[in-house]
Amino acid sequence: VVILVQNRSRATIWYDDVSFREILTNKTDESPAGFTLQPVAATDSMIFPGTAQQTANFIMRVPKGDSKAKVRLLLWGADTVTELGDFPIGDAPVQIPHAKIPVGEHRLVARLLTDTRPPTMLAEHTQRVVRLDPDLTFDASSLQNPPSLKLKGEPFFPIGMYGMRTNWRNSYWRDLRKAGFNCLHDYVFEGNPLKPIDTVAHIKTCRAYLDEAEKQGFKVMTGVPRWLAETGKKDRLKAWIEELAPHPAIAFWYSDEMISIRHTPLRHVEALHRIVQASDPRQRAYLPFDEPTEAFAAHCDGIAWGGSGKFAGLLYRSRLGKEKPWLSVVNVSFRGRKAPSLDEQRYLTFSPVVFGARGIFFWMYSEARWHSGDPDYLGRLLQSASELSRITPAIISGEPLPNWYPEAESAGEVTLLRCRKGDAAYLLATPNSDQAEGTCKLVIPQATDAKDFFSDQRFAPGTWELEVTRGRILALKFTAKQP
């Protein structure tokens with residue numbers, strides 16, 4: 001038997017699991033585009049120990065077609081294939097009991113089938129699902145003082161935007177700067193692995209971007225052409241980094257989806273990390289967009305990665321250790337969905353910070369501005385970022401809380417973040433997951449002025465019990481009363 005494995009993807013993908021699977025041989029050649037099965041929340045595709053959820057929930061997105069079609073779900077493990085059943089097409093989420101998902105990493109395979117005998121497969125979509133070991137334990141105190149990114153030895157909290165091009169209107173950049181953004185990204189740096197790279201011309205283009213960013217007051221999340229390391233062109237990658245490394249606009253080095261999507265062998269990841277470290281005399285960090293598996297975490301200086309909820313923050317911290325920061329990447333693409341309200345966007349912006357993120361990037365500008373289906377959405381996104389920028393100096397200051405700081409404790413599924421910078425102190429409270437809620441009890445001293453950070457509503461001295469509802473952030477500001 002001769003097996004030919006053919007890679008038709010535009011970018012290199014390594015195969016780490018080649019095995020025999022049951023397939024439908026009568027698949028039609030007219031597969032409709034757009035069929036997907038997406039998790040309702042991050043905690044549906046990554047199941048954490050101790051979660052109150054009993055099911056993993058997924059939303060079908062099915063193109064218009066035969067109303068009699070159905071979706072068949074299979075769970076592929078390392079050595080097993082489990083059929084989860086057939087589900088009718090509809091708007092209600094598909095619910096998979098956690099009891100049917102063993103511990104480990106799996107592929108949830110969704111097949112869109114005709115309602116005929118035998119059925120014809122119209123389309124297929126694969127979703128990664130991970131169930132963590134129920135006995136896995138975390139140190140909850142690790143969320144209290146997580147590490148920050150350093151620039152010239154000082155803490156730096158990046159608030160950034162993906163996909164900002166230099167040929168767009170200058171007003172787009174200025175609007176971000178006014179909203180408190182201090183870091184940008186553009187895919188121009190990574191280059192195109194499908195085309196021969198003219199190193200001189202590419203470096204010139206990258207340097208021009210860095211010059212413009214510095215001129216307008218931004219730092220840059222600087223992608224590296226990681227494919228040079230993957231294809232044995234390490235000397236060219238070293239020279240490329242050495243040419244750009246002196247530029248002061250570089251905040252940190254970056255690559256994307258080496259492990260999570262393309263299954264890049266660790267030897268290439270290790271080589272890329274080693275070259276970045278050796279080629280930058282300023283020793284700026286390498287923070288890839290990739291999930292920090294235990295093996296991968298050793299070959300980075302932190303991560304820029306998505307994820308929501310307390311257990312995501314605890315998992316990242318347990319794998320990254322005490323020195324490597326996590327920057328949260330928030331997806332602001334809402335095609336086919338209603339764009340978030342201001343309160344919902346505040347939750348998306350602030351909650352990762354409570355769970356240990358010390359930086360936030362939004363993916364990406366074009367989605368928020370032109371594809372959200374709501375012309376006012378970008379304004380809400382910018383407002384939430386602006387609000388966060390007013391608190392970040394306190395978040396990374398490390399200053400001790402003053403004696404006039406209120407007593408605060410949470411009840412239910414709520415996590416608190418306390419911080420202070422100079423005369424101002426803050427309390428952030430967020431639900432532990434998208435489905436959680438609880439309360440925050442405060443005892444405000446007579447010597448303290450307290451108000452809601454967003455609305456300026458004032459709270460008199462005394463005891464308060466405030467609700468922390470699903471999908472909302474509670475933010476309070478405290479100052480000492482003047483005599």
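**Entry 1: helices α8 and α10**

I began with a helix pair: Leu342, Gln345, Arg346, Thr349, Phe350 and Val353 of α8 meet Tyr377, Arg380, Leu381, Gln383, Ser384, Glu387, Leu388, Ile391 and Ile395 of α10. Contact here means heavy atoms within 4.5 Å. I sorted the residues of this contact of α8 with α10 and got eight nonpolar, four polar and three charged. In that sorting, Ala, Val, Leu, Ile, Met, Phe, Trp, Tyr, Cys and Pro count as nonpolar, Asp, Glu, Lys and Arg as charged, and the others, Gly among them, as polar.

A note on what I am looking at: this is a predicted model, where local features need pLDDT of at least 70 and side-chain atom pairs count only at pLDDT 80 or more, while totals for chains, interfaces and linings use all residues. Residues are numbered from 1 along each chain as its sequence is written, and side-chain values use heavy atoms, with hydrogens and water left out.

Helices (H or I, at least four residues) and strands (E, at least two) are DSSP runs, numbered from the N terminus. Two packed helices are described by the angle between their axes and the distance between the axes. I looked up both: the axes of α8 (residues 342–354) and α10 (residues 377–395) come within 9 Å and cross at roughly 35°. The axes are lines fitted to C-alpha atoms, for helices over the stretch in contact, and angles run from 0 to 180 degrees between N-to-C directions. I noted the crossing of α8 and α10 as right-handed. A crossing gets that name if the near helix is turned clockwise from the far one by less than a right angle, and is left-handed if anticlockwise.

**Entry 2: α5 and its two partners**

Next I followed α5 (residues 234–244), whose axis comes within 9 Å of the axis of α6 (residues 266–279), with a crossing of roughly 40°. The pair α5 and α6 is therefore oblique; angles under 35 degrees count as roughly parallel, over 145 as roughly antiparallel, 65 to 115 as roughly perpendicular and the rest as oblique. This crossing of α5 and α6 is right-handed. I listed Lys234, Leu237, Lys238, Ile241 and Glu242 on the α5 side, and Ala271, Leu272, Ile275, Val276 and Ser279 on the α6 side. By class, I wrote down six nonpolar, one polar and three charged residues for α5 with α6.

Then I turned to α3 (residues 199–215), whose axis and that of α5 come within 10 Å and cross at roughly 30°. The crossing of α3 and α5 is right-handed. From α3, the residues Thr199, His202, Ile203, Cys206, Arg207 and Leu210 meet Arg236, Trp240, Glu243 and Leu244 of α5.

**Entry 3: salt bridges**

Side chains of opposite charge can pair when their charged atoms come close. With a salt bridge taken as a side-chain nitrogen of Lys or Arg within 4 Å of a carboxyl oxygen of Asp or Glu, the count comes to 19. I looked at the pair Glu105 and Arg107, with closest N and O atoms 3.1 Å apart. Glu105 is partly exposed at 42% relative accessible area, and Arg107 is partly exposed at 24%. (Buried means under 20% relative accessible area, exposed over 50%, partly exposed in between, with a 1.4 Å probe and protein chains only.) Both belong to a network of salt bridges that links Glu105, Arg107, Arg128, Glu291 and Arg319.

Are Glu230 and Arg226 buried or exposed? I found both buried, and their side chains meet in a salt bridge (3.4 Å, N to O).

**Entry 4: the loop between β14 and α6**

Met258 sits in the loop between β14 (250–254) and α6, and at 0% relative accessibility Met258 is buried. Which residues does Met258 contact, apart from neighbours within four places in sequence? I wrote down Arg226, Glu230, His263, Thr264, His268, Val269, Leu272, Tyr286 and Asp290. Glu257 lies in that loop between β14 and α6 too, and its phi is near 55°.

Most residues other than glycine have a negative phi, and most peptide bonds are trans. I noted Gln283, in the loop between α6 and β15 (303–305), with a positive phi near 55°. I also found a cis bond from Arg117 to Pro118, with omega near -10°. Another cis peptide bond joins Trp363 and Met364, where omega is about -10°.
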